[in-house]
Amino acid sequence: MTTKEAAFQAEGPSAGVKLMAKLGNGAIAGVTGVSIIFPLDMVKTRLQNQKPVGGKMPYSGGIDCFRQILRGEGVRGLYRGLVPNLAGVTPEKAIKLAVNDIVRGVLAQRAGTSPERLPVMYGALAGATAGLCQVIATNPMEIVKIQMQVAATNPVAVGTGAAAMAGPPRVTAMGIVRDLGLRGLYKGTTATLLRDVPFSLLFFPLQALFAQNIQDRMYGEGKPATLCVLAGSTVAGVFAAAAVTPADVVKTRLQSSSQPSPPYRNMTDCARRILKSEGPMAFFKGTVPRCLTTAPLFGIALMMYDLQQKVLGW
């Protein structure tokens, strides 16, 4: 064994290698979670974007929405927008999980404790930092995904002759990107920030707290086992997802429009018009599907991330 190899084994991988590994772990964890729960996310988006037609809502609830999508668009309809979402979720989850992990490690070192025992306020700071950084990747991915998910519900102009026989034009991710342009891909960024930063601020400290408590009660003191991470992340995901649903509703409305002249001037205008026309409960549309989507997504993602970290010996 050379001197360099001995030094590497003693000190472990460099900070750069660890960062790249954490980003890779976060990407794999995100892709796994999103692929499993995507149909629920489709239902959530349709419920949040629905508007009264003839005084009646198109969907009576999550189950009715699921049935209508399946009946009208088939199984493929439940996965509309999955590919661009996976393309976006890879950097998004990589950034979110890696930044939170790194900042928690730095803050734990300063506080003289382990990342698992980090005080809640420090955990909230690490989570908020991760949520702020991820929006760079989140907003373009979200806007393309949402527009593909609601494409089948958008009204189509009635044509004549061959145009009418051809039916509605096929919506593609690249077509949406071309139509929106770089500036359009960041439409609704403020609403995305108001959803993702508070979500991460709540989720990550709660996740660490719940996972450690479950570990202490079930197995005694020590680093949380993988199943404890799954359980703690899932429970924390329910609380955080429900808390930021109003911001998610506003974000979905802002980003779902593909019209040249958007129906809302800005986030404040969107919120006011929702409140005026649909009442305060409209801000909680899709809360149950959102919790059923977000909680297992982050439960699976954090479990996969933790598992990969343990395999690497970190």
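In what order do the elements of the protein chain run from the N terminus on? The order is α-α-α-α-α-α-α-α-α-α-α-α, and the secondary structure comes to 12 helices and 0 strands. Helices (H or I, at least four residues) and strands (E, at least two) are DSSP runs, numbered from the N terminus. The model is predicted, so local features need pLDDT of at least 70 and side-chain atom pairs count only at pLDDT 80 or more, while totals for chains, interfaces and linings use all residues. Residues are numbered from 1 along each chain as its sequence is written, and side-chain values use heavy atoms, with hydrogens and water left out.

For the chain overall, 45% of the 314 residues count as buried, that is, under 20% relative accessible area, against over 50% for exposed and in between for partly exposed (1.4 Å probe, protein chains only). The accessible surface comes to about 16000 Å², and 66% of this surface belongs to carbon and sulfur atoms; the areas come from the Shrake-Rupley method with a 1.4 Å probe, and for residues only the protein chains shown count as cover. Among contacts (heavy atoms within 4.5 Å) with a separation of 6 or more, 79% join residues 24 or more positions apart.

Two helix pairs are worth a look. Helix H9 (residues 226-243) packs with helix H12 (residues 287-311) at an angle of about 150°, their axes being 7 Å apart. Axes are lines fitted to C-alpha atoms, for helices over the stretch in contact, and angles run from 0 to 180 degrees between N-to-C directions. H9 is therefore roughly antiparallel to H12, given that angles under 35 degrees count as roughly parallel, over 145 as roughly antiparallel, 65 to 115 as roughly perpendicular and the rest as oblique. By class, the contact of H9 with H12 has 13 nonpolar, 7 polar and 3 charged residues. Here Ala, Val, Leu, Ile, Met, Phe, Trp, Tyr, Cys and Pro count as nonpolar, Asp, Glu, Lys and Arg as charged, and the others, Gly among them, as polar.

In the second pair, the axes of helix H2 (residues 15-49) and helix H10 (residues 245-256) come within 9 Å and cross at roughly 80°, which means that H2 is roughly perpendicular to H10. H2 contributes Lys44, Thr45, Gln48 and Asn49, and H10 contributes Thr245, Asp248, Val249, Thr252, Arg253 and Ser256. By class, this contact has 1 nonpolar, 6 polar and 3 charged residues.

Leu118 sits in the loop between helix H4 (82-111) and helix H5 (120-149) and is buried, with a relative accessible area of 9%. Not counting residues up to four places away in sequence, Leu118 touches Arg104, Leu107, Ala108, Thr113 and Gly123.
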